[in-house]
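Student: I would like to learn how to read the features of a two-chain model. Could you take me through one, giving the general idea before each case?

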Amino acid sequence: MIKDITIGQYFPGESFIHKLDARAKLIVVFLSLVEIFLCKNFLSLAVVVIFAIASVAISKISFKVVLKGMKMIYFIIVLTSVLQIFYNDEGTVLLDWWKLKITTGGIFTAIFMAVRIICLILVSSLLTYTTSPTTLTDGISRLLSPLNKIKIPVDTLAMMMTIALRFIPTLIEEIDKIMNAQKARGADIDSGNLIQRAKALVPIFIPLFVNSFRRAYELAFAMECRCYNGNKKRTRMKQMKFSWRDAVSFVVIAVMLAGIILLNYFFGAVI
Amino acid sequence: MSILEIKNLSYKYGVGTPFEIAALENINFSVEKGEMVAIIGHTGSGKSTLIQHFNALLKASEGQVLLDGKDINESRESAHKARFRVGLCFQYPEYQLFESTVYKDIAFGPTNMGLDKTEIDRRVRKAAEFVGLKESMFEKSPFDLSGGEKRRVAIAGVMAMEPEVLIMDEPAAGLDPRGRKVILDLIKNYREKTGSTVIIVSHSMEDVASVADRILVMNKGKIAFNDTVDEVFSHEQELREMGLNIPQITKIFSELKRYGFNLNAATYTVDDAAEEILRYLHKGGN
């Protein structure tokens, strides 16, 4: 059950996208998120949809896994887009009943919203699917390194993020283990009303917190024993290098940006 | 009659992801009432996965688990009930303690069974006695205890459900030799006093050789051997290929026997070895 959550997980691979430099990937993902929100009509929306699907295809990560990872957010997608239907009263009225009014404008916003959220999640989850957490934080800290000049401890923050990401799978595994142990003693976790369910979480979260604190102490001691010091200029075992692949991806994202702006301009905005 | 019967059981992890692996393949075996069975295997051989099927924590991809002749996965209710009849104590159980006092933590299982207060009290006291916890500890916080004491509290928590089948996953893991002996002795004592069926999972032959009636050797998700201790240990070469070892003392004795000393090679503990050597010396070397 809890193991089905794949967002944030890393699937090792050798694809074009896996081999992109983490910094380039971050920039491209950021730009594509901007582009997703720049779309104003169905043609430009189609461009980003094709981009998102093509990216997943190139990454060689099966669509099944990607869709399964999104299972938790289907509800949010449906909810937000349904709400959008009633929040826009532009365009022709399709249905007018009591206080509810459905217009073409509302329907279009709903479709846009759903497609945008799906693309958003596809692209951003692809980032974590194809980049190992350590490389990712490394990339982030490199991109943010200019902030060091205004006394923001970027390296320390990056280390905190690395540790946090590193322990997500460990925590998931641990929750699973503790849950099984308490179930073995007859704890009923999956049934009952809301209050009963909340109460059933106590035997899981207390050991989880206790163990997390213990682990944090151990990790801190181990880091100190190896003379870890956040302030020192640290070097990396793996140096990051830009390659032709990164250039290609920058060109693609730039062309897309230009295309979307042109399509918006020439074909008019739907929303 | 067999209390627990496993029929054609197979299990796969991560179905539908790139990490899909077959953890168990076509497992068949049964456990008799009152028997002490040891499940042995190298890390990743599937032994922990297997035992989680015995109380319906995992549902087999194929096959059945029969408790007293009834499929435990028949309904949600039967699966839930099976957890009280088949008590499973996980590896490093001390990390699962959560209550404010030792007493309450041991009482967690019996309380979930819906027993009344006096019965819960009786069971908690009895379980505490089995693991050698004094009454003065009942009101302490389990987090203030030493590692060994915590483990005993956790084991008592499973014993307090008075399961017909008690499964212990690596009960002696991470303990010093004396701690190991204490834990194994208390399991042995529990079985003698209650007559329950006990399944003990381990990767150490030394730990189980002297206590188990039968050994089930797991290798790569399959059963490699299912036989008496003596019989299993006679396959030293195959065991070694599976990353397992027979007890050191047994190895020494079989070597000695090879050199012509008339000793019993089926000697598994140092205590037995001392006796065997004494017997040999008394007889004057024949």
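Tutor: Let us begin with how the elements are named: helices are DSSP runs of H or I with at least four residues, strands are runs of E with at least two, and both are numbered from the N terminus. Please keep in mind that this is a predicted model.

Student: How many helices and strands does chain A have?

Tutor: Chain A has 10 helices and two strands, and along the sequence these follow the pattern α-α-α-α-α-β-β-α-α-α-α-α. The C-alpha atoms of chain A occupy a box of roughly 65 × 55 × 40 Å along the principal axes.

Student: What span should α8(A) have, and what do its end C-alpha atoms show?

Tutor: At 1.5 Å a residue, the 31 residues of α8(A) should span 45 Å, and this agrees with its end C-alpha atoms, which are 45 Å apart. Even so, α8(A) has a kink of about 35° at Ile168(A), shortly before the proline Pro169(A). Just after α8(A) comes Gly186(A), with a positive phi of about 90°.

Student: How much area is buried between chain A and chain B?

Tutor: The size of an interface is often given as the accessible area lost when the parts come together. Here the buried area is about 2100 Å², with carbon and sulfur atoms giving 62% of that. Of the area that chain A buries against chain B, 31% is supplied by Asn180(A), Ala184(A) and Arg185(A), more than by any other three residues. By contact, 24 residues of chain A meet 25 residues of chain B.

Student: Which residue forms a salt bridge with Asp105(B)?

Tutor: The partner is Arg185(A), with the closest N and O atoms 2.9 Å apart, and the rule finds one salt bridge across this interface. There are also five residue pairs in polar contact between the chains. On the side of chain A that touches chain B, the elements giving two or more residues are α4 (63–69), α8 (154–184) and α9 (194–225) of chain A. By class, that side has 11 nonpolar, six polar and seven charged residues.

Notes. Residues numbered from 1 in each chain as written. Chains lettered and ligands numbered in written order. Predicted model: local features only at pLDDT ≥ 70, side-chain atom pairs only at ≥ 80, totals over all residues. Heavy atoms only, no water. Contact = heavy atoms within 4.5 Å. Buried area = accessible area lost by both parts, 1.4 Å probe. Salt bridge = Lys/Arg side-chain N within 4 Å of Asp/Glu carboxyl O. Polar contact = N/O pair within 3.5 Å; in protein donor to acceptor, adjacent residues only side chain to side chain. Nonpolar A, V, L, I, M, F, W, Y, C, P; charged D, E, K, R; others polar. Expected span 1.5 Å × (residues − 1). Bend = angle between axes of the 7 residues up to and from the residue.
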